[in-house]
Amino acid sequence: MLYLLLSAFCWAAFDYIRKTLTKSLSPAQLTVLFTLVALPLYILYWVVEDAAVPVWRDYLVPATISGGLAALGSVQYLNALQRGDIF
């Protein structure tokens with residue numbers, strides 16, 4: 001239960017920070033910033049877990065397409081967030 005509450009608090013704080021940052025950074029800049037913060041954490045986790053390198057055509061091609069679409073969606077979401085009021 002504590003983990004659930006901590007997770008909810010973190011997501012709420014992240015959303016508030018994201019909305020606040022949309023006033024000073026463009027959606028594309030925010031997407032790059034959040035990616036640059038999260039990517040090293042994912043890579044560290046991957047190394048710590050001693051994960052195998054996925055086969056290119058079985059995973060990385062669809063993952064690259066998915067990542068590109070997710071980035072586009074993130075920019076559009078942040079653009080909409082930037083235009084709306086926080087409350």
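Figure 1. Accessible surface and overall form of the predicted model. The accessible surface of the protein amounts to about 7,200 Å², and carbon and sulfur atoms account for 72% of this area. The structure is a predicted model. Of the 87 residues in the protein, 9% are buried. Arrangement of the three helices. The protein contains three helices and zero strands. From the N terminus on, the order of its elements is α-α-α. The radius of gyration is 16 Å, well over the 12 Å that the globule rule gives for 87 residues, so the protein is more spread out than a compact globule. Among contacts between residues at least 6 apart in sequence, 69% join residues at least 24 apart.

**Figure 2. The largest pocket and its lining.** About 1,000 Å³ of space lies in this pocket. Its lining comprises 23 residues, of which Thr35, Ala38, Leu39, Tyr42 and Ile43 are the closest to the centre of the pocket. The elements that each give two or more residues to the lining are α1 (2-21), α2 (27-48) and α3 (56-83). Helix α2 provides the largest share, with ten residues. By class, 17 of the lining residues are nonpolar and six are polar, while no charged residues take part.

Figure 3. When residues up to four places away in sequence are not counted, threonine 22 touches Leu30, Leu78, Leu81 and Gln82.

**Figure 4. Threonine 31 in helix α2.** Threonine 31 belongs to helix α2. With a relative accessibility of 11%, threonine 31 counts as buried. Leaving aside neighbours within four places in sequence, the contacts of threonine 31 are Ala71, Ser74, Val75 and Leu78. Leu78 is also among the residues that threonine 22 touches.

**Figure 5. Glutamine 29 and its separation from tryptophan 46.** Glutamine 29 is placed in helix α2. Its relative accessibility is 44%, a value at which glutamine 29 counts as partly exposed. Tryptophan 46 is 17 residues apart from glutamine 29 along the chain, and the C-alpha atoms of the two residues are separated by 26 Å.

**Figure 6. Aspartate 50 in the loop between α2 and α3.** Aspartate 50 is found in the loop between α2 and α3. Although aspartate 50 is not a glycine, its phi is positive, at about 55 degrees. Most residues other than glycine have a negative phi. The relative accessibility of aspartate 50 is 67%, and the residue therefore counts as exposed, a class that requires over 50%.

Conventions. Residues numbered from 1 in each chain as written. Predicted model: local features only at pLDDT ≥ 70, side-chain atom pairs only at ≥ 80, totals over all residues. Heavy atoms only, no water. 1 Å grid on protein atoms, 1.4 Å probe; cavity = no way out; pocket = protein on both sides within 12 Å on 5 of 7 lines; lining within 4 Å. Points joined across faces, edges and corners; volume = space filled by probe spheres on them. Helix = DSSP H or I, 4+ residues; strand = E, 2+ residues; numbered from the N terminus. Nonpolar A, V, L, I, M, F, W, Y, C, P; charged D, E, K, R; others polar. Contact = heavy atoms within 4.5 Å. Rg over C-alpha atoms; globule rule 2.2 N^0.38 Å. Buried < 20%, exposed > 50% of the residue type's maximum accessible area, 1.4 Å probe, protein only. Areas by Shrake-Rupley, 256 points an atom, 1.4 Å probe, with all protein chains shown as cover.
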